[in-house]
Amino acid sequence: MNIYDTLKSLNIELPPMAVPAAAYVPFVQTGNLVFLSGHIAKKDGQVWAGQLGKNISTAEGQQAARAVAIDLMGTLHAAVGDLNKIKRIVKVMSLVNSTGDFTEQHLVTNGCSELLGQVFGPQVGAHARSAFGVAQIPMGACVEIELVAEIG
């Protein structure tokens with residue numbers, strides 16, 4: 001199935017590529033790999049601020065990670081021109097703004113991983129992953145995720 005048909009069936013409209021908030025570029029391609037810079041969670045166009053284990057639940061964190069996945073796909077589309085060219089989502093790295101005793105970063109990150117699997121299918125969307133708890137993320141965001149993809 002065409003990736004864009006899948007997105008449409010999920011009622012997902014890809015956003016335009018975000019403008020970097022600091023001294024970096026949104027993506028870099030080298031060979032057949034595209035590295036996307038970290039994208040922070042946004043809700044209604046604003047930074048989705050908060051800390052897991054303090055004022056954001058695991059379920060809300062999963063929704064934030066899902067929102068990041070949509071933004072990542074928007075940037076990936078801008079980088080390669082057609083998401084159907086993606087041969088594999090190689091790696092996802094997730095930073096979860098969390099208290100020292102919060103231990104469900106992996107469950108939060110599932111919000112991103114599960115959507116990528118749903119959109120790209122198990123052969124392309126299954127990926128290696130890291131999920132870290134961190135003391136803070138720029139602008140107080142609850143989640144930041146970066147991604148590496150292979151172009152076919």
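The following dialogue discusses a predicted model.

Trainee: In which strand is Asn-97 found?
Mentor: Strands (E, at least two residues) are DSSP runs numbered from the N terminus, as are helices (H or I, at least four). The run covering residues 86–97 includes Asn-97, and its name is β5.

Trainee: Is Asn-97 buried or exposed?
Mentor: The classes rest on relative accessible area: buried is under 20%, exposed is over 50%, and partly exposed lies in between (1.4 Å probe, protein chains only). The value for Asn-97 is 2%, so this residue is buried.

Trainee: Which side chain does the side chain of Asn-97 join in a polar contact?
Mentor: A polar contact is a pair of N or O atoms within 3.5 Å; within protein, one must be able to donate a hydrogen and the other to accept it, and residues adjacent in sequence count only if both atoms are side-chain atoms. The side chain of Asn-97 also reaches a backbone oxygen, that of Ala-141, at 3.2 Å. The side-chain partner, at 3.2 Å, is Gln-51.

Trainee: Which element gives the most to the lining of the largest pocket?
Mentor: On a 1 Å grid over the protein atoms alone, a pocket is an open set of points with protein on both sides within 12 Å along at least five of seven lines, and lining residues have an atom within 4 Å of a point. The largest pocket is lined by 20 residues. With four residues, the element that gives the most is β2.

Trainee: Where does Asn-11 lie, and is this residue buried or exposed?
Mentor: Phi of Asn-11 is near 60 degrees, a positive value in a residue other than glycine. Asn-11 lies in the loop between α1 (3–9) and β1 (27–30). Its relative accessible area is 71%, so Asn-11 is exposed.

Trainee: What is the relative accessible area of Met-139?
Mentor: Met-139 lies in the loop between β6 (128–134) and β7 (143–151), and its phi is near 60 degrees, a positive value in a residue other than glycine. Met-139 is exposed, with a relative accessible area of 55%.

How values were computed
Residues are numbered from 1 along each chain as its sequence is written. This is a predicted model: local features need pLDDT of at least 70, side-chain atom pairs count only at pLDDT 80 or more; totals for chains, interfaces and linings use all residues. Side-chain values use heavy atoms; hydrogens and water are left out. On a 1 Å grid over the protein atoms alone, a cavity is a set of points where a 1.4 Å probe fits but cannot get out, and a pocket is an open set with protein on both sides within 12 Å along at least five of seven lines; lining residues have an atom within 4 Å of a point.
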